[in-house]
Amino acid sequence: MKSTKIVIILMIVLMLTGCGKKTLEITSIANHTELVENSKYGEISMEFAKLDGEDIRAFSSKKGEEYKFEFNYLIKEGNLNLQFRDSQDNIISDINLSEKEYMNELEQLQQECDGDVNIEEFCRNIVIESSDNKIKVALIGEKAKGKIDIIW
């Protein structure tokens, strides 16, 4: 009798706390040309010939918990803003990734190397503290051409 009660209590606890698979929600899709995307919980990977508008991906988080994001990117044309938002669309962090950054770095490396160089990608890390139960990752493009891989 006691073991039956324990099993029932465990089942209720599992149902309430959730034992499901973590997912990545697509909440907004921008205008794209030649989009290749391979995204899932823990990773957003996109390559695009043109991105105009907002691509938003979201996942459940725990309030007050820190999440470390590593992102590799290369924007050869246009402008891309990477924003981290809470469930109410309040901006936690806003990072500009642009053609200007690419061109400046390319020029500097060509001067240092006395000739042509090829930049494969840039890499950055950021730690975001969740302010509620969701983190939204927004990619806001203005005629952006390039690629981005985000891992957490």
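**Charged pairs across the fold**

Let me begin with Glu25, which, leaving aside residues up to four places away in sequence, touches Ile56, Arg57, Ala58 and Lys134. Please bear in mind that this is a predicted model. Glu25 sits in strand β1, which covers residues 25–28, and counts as partly exposed because its relative accessibility is 30%, between the limits of 20% and 50%.

Of its 152 residues, 36% count as buried, and among contacts between residues at least 6 apart in sequence, 72% join residues at least 24 apart.

Which residue meets the side chain of Glu25 in a salt bridge? The partner is Lys134, with an N to O distance of 3.2 Å. Lys134 belongs to strand β8, residues 134–151, and Glu25 to strand β1, so this pair ties together parts that are 109 residues apart in sequence. The structure holds nine salt bridges, and I will take up two others.

One of them joins Asp55 and Arg57, whose closest N and O atoms are 3.7 Å apart. Asp55 is buried, at a relative accessible area of 1%, and Arg57 also counts as buried, at 2% relative accessibility.

The other is formed by the side chains of Lys136 and Asp89, at 3.1 Å from N to O. This pair, too, links distant parts of the chain, with Lys136 in strand β8 and Asp89 in the loop between β5 and β6, 47 residues apart. Lys136 is buried, with a relative accessible area of 12%, whereas Asp89 counts as partly exposed, at 40%. Salt bridges that share partners join Glu54, Arg85, Asp89 and Lys136 into one network.

That brings me to Arg85, which lies in strand β5, residues 66–85. Is Arg85 buried or exposed? It counts as buried, because its relative accessibility of 7% falls under the 20% limit. Its side chain makes a polar contact of 3.3 Å with the side chain of Glu54 and another, of 2.7 Å, with that of Gln83. Not counting residues up to four places away in sequence, Arg85 touches residues including Ile56, Asn90, Lys134 and Lys136.

Key: Residues numbered from 1 in each chain as written. Predicted model: local features only at pLDDT ≥ 70, side-chain atom pairs only at ≥ 80, totals over all residues. Heavy atoms only, no water. Buried < 20%, exposed > 50% of the residue type's maximum accessible area, 1.4 Å probe, protein only. Contact = heavy atoms within 4.5 Å. Helix = DSSP H or I, 4+ residues; strand = E, 2+ residues; numbered from the N terminus. Polar contact = N/O pair within 3.5 Å; in protein donor to acceptor, adjacent residues only side chain to side chain. Salt bridge = Lys/Arg side-chain N within 4 Å of Asp/Glu carboxyl O.
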